[in-house]
Amino acid sequence: MAIEVRIPTILRNLTDGAKAVEGKGGSLDELITDLDSRHPGLRDRLVDAKGLRKFVNVYLNDEDVRFLGGLDTEVSDGDTVTVLPAVAGGAADLPGGRR
Amino acid sequence: MRFDSLLDSLGRTPLVGLPRLSPSAEVRLWAKLEDRNPTGSVKDRPAFWMIAKAEKEGLLTPGCTILEPTSGNTGISLAMVARLRGYRMVCVMPENTSAERRQLLRMWGAEIISSPAAGGSNEAVRVAKRLAAEHPDWVMLYQYGNEANALAHYETTGPEILADLPGITHFVAGLGTTGTLMGVGRYLREQVPDVKIVAAEPRYGELVYGLRNIDEGFIPELYDDSVLTTRFSVGSKDALRRTRELLEQEGIFAGISTGGALHAALGMARKAVKAGERADIAFIVADGGWKYLSTGAYEGTLEEAEDRLEGQLWA
């Protein structure tokens with residue numbers, strides 16, 4: 001078993017059009033590095049020097065990782081990670097807000 | 001129970017256990033049935049509080065016009081009170097909200113101004129703010145920034161839940177105006193050490209978000225993220241699936257946003273089970289399913305229902 005990572009439309013050029021890819025790692029950081037080894041460029045779109053990019057939302061089993069541990073959030077086999085651009089994903093746009 | 005009028009019967013709603021959906025005897029879910037309010041939704045509480053505050057401050061006097069951006073329930077609550085108190089009610093709502101909501105609003109005498117579907121609730125807020133500027137004599141109660149919204153929950157919903165569930169560990173509600181989470185959240189944080197306040201935010205497909213850009217992002221003035229412990233983003237499919245589970249396993253016929261709250265509640269329940277901790281998790285049933293029958297949410301397969309819901313606001 002692995003960790004399923006759902007990719008938003010805007011990043012599917014990096015995954016050959018795949019809506020979801022699989023990866024492994026003990027933390028979100030390791031998972032993203034693992035994905036980047038097969039989908040080069042993905043890490044740069046999600047992470048900058050300060051951590052998760054401002055307009056990217058990442059959810060672990062639908063829970064916002066910014067309220068968990070950010071890039072240090074623990075992940076394990078069977079989890080689902082959802083990546084969304086903040087503009088299309090809710091946090092930025094809905095009443096409820098952007099942080 | 002006897003009350004002097006319908007308005008007096010607000011609140012004191014049942015908190016019911018979910019024996020089948022709760023994972024164990026140590027990790028239990030409790031549903032606060034807010035559909036048992038005078039117009040059938042949790043919004044009666046903030047609506048009554050906002051009108052009472054405006055009357056007290058002298059902003060609202062007989063014959064006044066109330067203006068409000070609303071995707072439905074708040075408008076329905078306000079329209080009912082407005083009718084009883086003799087105010088004219090004008091609602092601004094996105095054109096992609098359900099037919100039942102429009103009928104209910106008109107039934108209580110409200111006038112409806114539609115805002116473009118593509119902008120969702122944010123666009124309704126913008127249109128309402130423009131109208132308010134054009135009609136300075138109209139009173140916009142503005143649920144997204146009116147402290148009376150959160151205060152209604154601080155003074156009623158929160159104390160009711162704690163009285164019924166002194167061992168509460170988690171409170172879960174949908175995130176819209178943020179009034180429920182801010183009000184109940186602040187109250188519980190004062191009373192219950194380490195209580196977890198959990199937001200369930202609706203996640204819509206690209207049809208709803210369509211044309212907007214980042215600069216148009218909107219945060220309700222009431223929102224204070226320090227009140228929250230964590231935040232879930234719930235897609236239409238999961239919200240629908242949980243709404244159906246609630247109906248099939250516990251007999252509770254709720255609206256679709258309730259499925260979103262239940263999804264987050266079950267997410268927290270799973271974590272409690274995994275950590276070997278006890279939990280009493282209360283979540284809000286914001287309204288019943290009646291207003292959503294025309295969306296087809298309760299018919300056919302989940303996939304069919306999800307397709308029918310695409311592009312519609314469900315929370």
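**Figure 1. The area buried between domain 1 and domain 2 of chain B in this predicted model.** About 1,800 Å² is buried between domain 1 of chain B and domain 2 of chain B, and carbon and sulfur atoms give 56% of it. Buried area here is the accessible area (1.4 Å probe) that two parts lose on being put together, summed over both. On the side of domain 1 of chain B, B:Leu7, B:Leu10 and B:Lys291 lose the most area to domain 2 of chain B, together 39% of what that side buries. As a prediction, the model is read with limits: local features need pLDDT of at least 70, side-chain atom pairs count only at pLDDT 80 or more, and totals for chains, interfaces and linings use all residues. Residues are numbered from 1 along each chain as its sequence is written, chains are lettered from A and ligands numbered from 1 in the order in which they are written, and side-chain values use heavy atoms, leaving out hydrogens and water.

**Figure 2. The two domains of chain B.** Domain 1 covers 7-36 + 156-305 and domain 2 covers 44-140, with bounds from an automatic or database domain assignment. Their C-alpha centres lie 24 Å apart. Domain 1 of chain B brings 24 residues to the contact and domain 2 of chain B brings 23, where contact means heavy atoms within 4.5 Å.

**Figure 3. Salt bridges between the domains of chain B.** The rule finds 3 salt bridges across this interface, each a side-chain nitrogen of Lys or Arg within 4 Å of a carboxyl oxygen of Asp or Glu. Look for B:Glu160 with B:Arg45, whose closest N and O atoms are 2.9 Å apart. On the side of domain 1 of chain B that touches domain 2 of chain B, the elements giving two or more residues are α5 (147-164) and α7 (206-209) of chain B. Of these, α5(B) gives the most, with 3 residues. Helices (H or I, at least four residues) and strands (E, at least two) are DSSP runs, numbered from the N terminus.

Figure 4. B:Lys271 pairs with A:Glu63 in a salt bridge, with 2.8 Å between the closest N and O atoms. Over all chains, a search of the whole structure finds 25 salt bridges.
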